[in-house]
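Trainee: I would like to learn how to read a structure like this one. Could we go through it feature by feature?

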Amino acid sequence: MSFKKSLFVAGAAMSSWPLLALAQNQVNMSPGVTEIGAEIYDLHMLILIICVIIGLLVFGVMFYSIIYHRKSRGVVPAQFHESTKVEIAWTAVPFLILVGMAVPATSTLLEVYDNDEAELDILITGYQWKWRYEYLDDSGAPVAFFSNLATSQEAIYNTEDKGQNYLLEVDEPLVIPVDTKVRFLITANDVIHSWWVPEMAVKRDAIPGFINEAWSKVSEEGIYRGQCTELCGAYHGFMPVVVHAVSQEEFDSWMAAKRAEKATELASASVELSLDALMSEGEAVYNTQCVACHGAAGEGGVGKAIAGSAVALGDINTHLDVSIKGVAGTAMQAFGGQLSDTEMAAVITYQRNAFGNNTGDVVQPADVASYRKG
Amino acid sequence: MGAHHHGPARGITRWLFTTNHKDIGTMYLWFSFAMFILGGAFAMIIRAELFQPGMQLVEPGFFNQMTTLHGLVMVFGAIMPSFVGLANWLIPMMIGAPDMALPRMNNWSFWILPPGFLMLASTLFMEGGAPAFGWTFYAPLSTTYAAPSVTFFIFAIHVLGMSSIMGSINIIATVMNMRAPGMSYMKLPLFVWTWLITAFLLVAVMPVLAGAVTMMLMDIHFGTSFFSAAGGGDPVLFQHIFWFFGHPEVYIIILPAFGVVSQIIPAFSRKPLFGYASMVYATASIAFLSFIVWAHHMYTVGMPVAGELYFMYATMLIAVPTGVKVFNWISTMWRGALSFETPMLFSIGFLVLFTIGGFTGLMLSIAPADFQYHDTYFVVAHFHYVMVAGAVFSMTAAVYFWLPKWTGRMYNETMGKVHFWVSFVGFNITFFPQHFVGLAGMPRRVPDYALQFADFNMMSSIGAFVYGASQILFLYNVIATIVAGEKVSDEKVWDGAEGLEWTVPTPAPYHTFEVPPKVDTAAAHG
Amino acid sequence: MLRLTNNPGTDTALKLAAVACVMFAFVFVVMVPLYDVMCDVLGINGKTSGSAYTAVPAQVDTSRQVTVQFIATNNDGMPWVFRPEVRQLTVHPGEAVDMLFHATNPTGAAMVAQAIPSVTPSRAAAYFHKTECFCFDQQPLEGRSAAEMPLQFVVDQALPGDIRTITLSYTLFDVTAMTGDKIAAR
């Protein structure tokens, strides 16, 4: 078989490796669901194959030596120890191979940087330890929401079984339409994070005070999961990215539903809610936002205990202050920017009545709103 | 210099006040091995937690302290001091000098290390815990959002940095001024050359690290905003400054390892090193290039495309001189008369596994592909191949090679071979699967992972425990050798070994070359 | 060669120690300003100038349009309402454009904010000139009050032809604590 042909066969064989992707024990990168991802995959395979070939040649020579040039075989060692010609050869040839690699690498990189002419812009903000997505549009009230890890503490701490998408599931995924060039504007609220979806081949650092951009055009409907890829504190491993790529029609109706949801949210802020409603929503908020540091039973951990705490049992205004503004110099963040009035009212009501606290206090969204106004 | 020597002092004061390069080398080596065990213990905690999905043993915050301290202790406490220890023992003997140029500074260089590391380790017991921002300590996680112990971390880095700078100054001053007559630069053993070049790198970039942590200190305590956008600063500036140090740092770690292997392979091939001059030029090229490639650690930070392309091309270039060195080592073996004692096994292991690490390094240099590799386990696999199978294997080879000269006793060869094979197999089981999980999407510095990464992580953890256990075997072998090993008295312990250190008695006397040797101008360099 | 002491080894050591000191100073005296200069001159990292651009009367390039997009983000713990009056504008290079950002301090206490601009694509930053910007100064706001903060900018005619969209992002930081003395004095 000619050299070219064997290369082709090897390439064809390895192009089936993507089928190993997305499986348990995946050994290779996935070409993913975008053109640029497929280009990156091809570049990856090209470099890998060249390295494997060079490695086999080089180690082949070495192992030949190990077998045949042994003292125990009685060989007399040669004494040659230099050759300028050979040094030039094995400097020039690798240099030329590198130039060959640099050409496709350059063209792929230029495409990665081509952020122009996008059809949809999304602002992504990294927080400790969740993502916020905002669909940039001309209305004064863009669709925006936080995307939190949905895996339970019980699953993480092994008291419950782990689901199939353990650590890669969120409460509110990012939804984008397929076959649409989407531009991501990426920044951070606190420390440096990094937004990565392997199957979309997008990774960009989220830097506080600075804006980065990246783009993607997904060609297949589906759910794509990624993670934060820059150490950002204790829960760096617990802030996944989930993207739903859907048809344009599905995207439009999802957006409409989201806008309606936002309108309801704003409306509900002036409504009086029952204790049951507040407790139920409060528990959900607690288990997403508070449980990692304050414990499933309010027993504390990284954060202080809520059960029997002075804050939860004492003045409601102090409780609001700590929750909305955070506590400077500690890990207690300012949740004021992350929770709506309704969510904040619910979680504070929950904390004051669960874990044996039983204060009977009810905090309404309007109370939160007026506290925010000072 | 006084001509009147009584031999070493007795008791603890010998070690506290010694200015003898052999004593100081010994202290560096034992200290670095203790740090290797400490850093290894942190690694065992990491791999134990990562044995299965879910949090079983430690909290996420503590896990981050473990990964941070593992990196800091291994890089600054184990690898770097171990090669300084080798430099101390060997450089004076290899150049025919009686000691280092500045023996008292040499003592200080060592003795500030234990307090420095004690301070770093003590942060585990401070309010808020030890540093948990990774050994690369990016701002603002390491400034605005750091635990109070960060101030002690900064102080410890200053102390360790001072030790390295002083040690490097000593090495340069020694090599430049104290070579025996006839020992020209191009007759220097390659171990001396690689250390000379490394020492220049250290003097140039260790102060940059000191600058970076000083700027952190100022941001944290004195209201400056070098790395804070709010005050007009930039977190990315930290990364540029850190990696301007950080990239030469990894060559600081590996160049002496290259030097060791360049001594050992010719000895067990019974053939001179192939391409001596090329090896020197290649080492110098690598050192020069190391200054101008730093931002390949930052490909995802949002650099303009021109910058990204430049750093990609410059980084790819480093493969050329590195390849030249690998070809030269193999050509040294080619048509030699090879034997495979333990030092040679570790050197060949280095050659194979470091080359694999070099290949993954080339893959990582390709910027668009790196968008998929960056901050995943693919990177973790890469740097453990070059640092463990590279630097640590080389260091281990060095100990087996020179221990008989230092102690006058031979180590147990069977145990040495077992140590090699268990290490080799354990290392690969630990780190090869990490390439897979990285490519499959597992980020680094995470205490828990999605289910599809479970099997390879379990494999990796098992390998880690095997590798860790084999180091205990090594420790046993070294101690047993020193205490009761079979005595050796040939000056040339290994029949193929060349170099001035193999002309002194075995064990090496407390003082050697008090009278400079005559270096045969026609002699082959070691 | 300069001889400082009797011992050549010590001489070498002193010279190297000087190199080490120079490298330490290099970080502060060269690397930081160099980084800022590179950012200013080349617009790397999306940093725009921190001072007003003196507009030169220039031809408006009506043959070309550029979309300028505005993003407003609050940094950690900043409670203000902060948003641009419009999401984006279509402008001609050379044209002076005015727009406003709304800011409301909903708390009861006086606060001071600092807006930090960032532009993407980063190479557009060198061609994005702000003749008037609220980001040049710290912005104080009494409790429960609002302000309209003006921005006037010009996109340079020399903007590379392949850039059709420029995104200007402001991150609002709470700097009240840093300016505490100044507030008390008012």
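Trainee: Is C:Arg164 buried, partly exposed or exposed?

Mentor: First, keep in mind that this is a predicted model. To place a residue, compare its relative accessible area with two cut-offs: under 20% is buried and over 50% is exposed. C:Arg164 has a relative accessible area of 39%, so C:Arg164 is partly exposed.

Trainee: Which residue does the side chain of C:Arg164 meet in a salt bridge?

Mentor: For a salt bridge, look for a nitrogen of Lys or Arg within 4 Å of a carboxyl oxygen of Asp or Glu. Here the partner is A:Glu117, at 3.2 Å from N to O. The pair joins two chains, because C:Arg164 sits in the loop between strands S8 and S9 of chain C, while A:Glu117 sits in the loop between helix H3 and strand S1 of chain A. A:Glu117 is exposed, with a relative accessibility of 54%. A:Asp116 belongs to the picture too: A:Asp116, A:Glu117 and C:Arg164 form a network of salt bridges.

Trainee: How many salt bridges does the structure hold over all chains?

Mentor: The total is 17. One of them pairs A:Glu172 with A:Lys258, at 2.8 Å from N to O. A:Glu172 is partly exposed at 24%, whereas A:Lys258 is buried at 8%.

Trainee: What about A:Asp361 and A:Arg352, and how do their side chains meet?

Mentor: They also meet in a salt bridge, at 2.9 Å from N to O. A:Asp361 is partly exposed, with 22% relative accessibility. A:Arg352 is buried, at 0%.

Trainee: Now the interface. How many residues of chain C are in contact with chain B?

Mentor: With an interface, take the residues in contact, then the area, then the kinds of contact. On the side of chain C there are 26 residues, in contact with 33 residues of chain B. Together the two chains bury about 2,400 Å², and 77% of that is on carbon and sulfur atoms. C:Leu16, C:Phe28 and C:Tyr35 supply 22% of the area that chain C buries against chain B, more than any other three residues.

Trainee: Which elements of chain C give two or more residues to the side that touches chain B?

Mentor: They are helix H1 and strand S5 of chain C. H1(C) gives the most, with 17 residues. By type, the residues on that side of chain C divide into 18 nonpolar, 6 polar and 2 charged.

Conventions
Residues are numbered from 1 along each chain as its sequence is written. Chains are lettered from A and ligands numbered from 1 in the order in which they are written. This is a predicted model: local features need pLDDT of at least 70, side-chain atom pairs count only at pLDDT 80 or more; totals for chains, interfaces and linings use all residues. Side-chain values use heavy atoms; hydrogens and water are left out. Contact means heavy atoms within 4.5 Å. Buried area is the accessible area (1.4 Å probe) that two parts lose on being put together, summed over both. Helices (H or I, at least four residues) and strands (E, at least two) are DSSP runs, numbered from the N terminus. Ala, Val, Leu, Ile, Met, Phe, Trp, Tyr, Cys and Pro count as nonpolar, Asp, Glu, Lys and Arg as charged, and the others, Gly among them, as polar. Buried means under 20% relative accessible area, exposed over 50%, partly exposed in between (1.4 Å probe, protein chains only).
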